[in-house]
Amino acid sequence: SSPSLHDALPIFYATAESSISLTTSYAEITAFSNAAVNIGTHYNTSTGRFTAPIAGVYNFGIAALGNSTATVYRFRLYKNGSHLNNYELRVQTEGGSFGTNAEFCVVTSLSASDYVSVFALSDDGTDAFASSDFRYTYFRGHLMG
């Protein structure tokens, strides 16, 4: 049978609603728990994982804002629990100032059932900033074709 519209056009956009707990080691982030868009429900708000319903080329984005501590925040996309070519969003902050918010995008091929999630750390273990008042911090993705 042909794929459903939800499999043919999977799209998600999930925000973090409160500070993201980080350590000095990369760990999978589950803070992107508010799925504003989740066509096909292939993004899991509990695990923070997007599972590809079909093979194809996907676009993913991570946006973040560092906290008001002098350190470096590092966000990476992982595929099936392993880093995806060490692609990284790096947000550097100075003491007392929030880092500049930015979005980092990756285009990658996935097979059906591959999953993508965000792993992150901060160089000094400080939590990353996120707030439901200002949606600076999000994880998004969609099938390109």
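Is Phe 60 buried or exposed? At 0% relative accessibility, Phe 60 counts as buried, where buried means under 20% relative accessible area, exposed over 50% and partly exposed in between (1.4 Å probe, protein chains only). The model is predicted, so local features need pLDDT of at least 70 and side-chain atom pairs count only at pLDDT 80 or more, while totals for chains, interfaces and linings use all residues. Residues are numbered from 1 along each chain as its sequence is written, and side-chain values use heavy atoms, with hydrogens and water left out.

A search of the whole structure gives 14 aromatic pairs; rings of Phe, Tyr and Trp (its six-membered ring) pair if their centres lie within 6.5 Å, with planes under 30 degrees apart counted as stacked, over 60 as edge-to-face and the rest as tilted. Tyr 43 and Phe 139 make an edge-to-face pair, at 6.0 Å centre to centre and 75° between the planes. This pair links distant parts of the chain, since Tyr 43 sits in strand S4 (residues 43–44) and Phe 139 in strand S11 (residues 138–143), 96 residues apart. Strands are DSSP runs (E, at least two residues), numbered from the N terminus. Both Tyr 43 and Phe 139 are buried. The rings of Phe 60 and Phe 139 have centres 6.2 Å apart and planes at 25°, so this pair is stacked. Phe 60 belongs to strand S6 (residues 56–64) and Phe 139 to strand S11, so the pair ties together parts 79 residues apart in sequence.

The structure holds six salt bridges, each a side-chain nitrogen of Lys or Arg within 4 Å of a carboxyl oxygen of Asp or Glu. One of them joins Arg 135 to Glu 17, with the closest N and O atoms 3.0 Å apart. Here, Arg 135 lies in the loop between strand S10 (115–122) and S11, and Glu 17 in the loop between strand S1 (11–15) and strand S2 (27–28), 118 residues apart. Arg 135 is partly exposed, with a relative accessible area of 43%, and Glu 17 is partly exposed at 24%. Arg 140 and Glu 103 also meet in a salt bridge (3.0 Å, N to O). That pair connects strand S11, which holds Arg 140, with strand S9, which holds Glu 103, 37 residues apart. Arg 140 is buried, with a relative accessible area of 16%, whereas Glu 103 is partly exposed at 35%.

Definitions and conventions. Helices (H or I, at least four residues) and strands (E, at least two) are DSSP runs, numbered from the N terminus.
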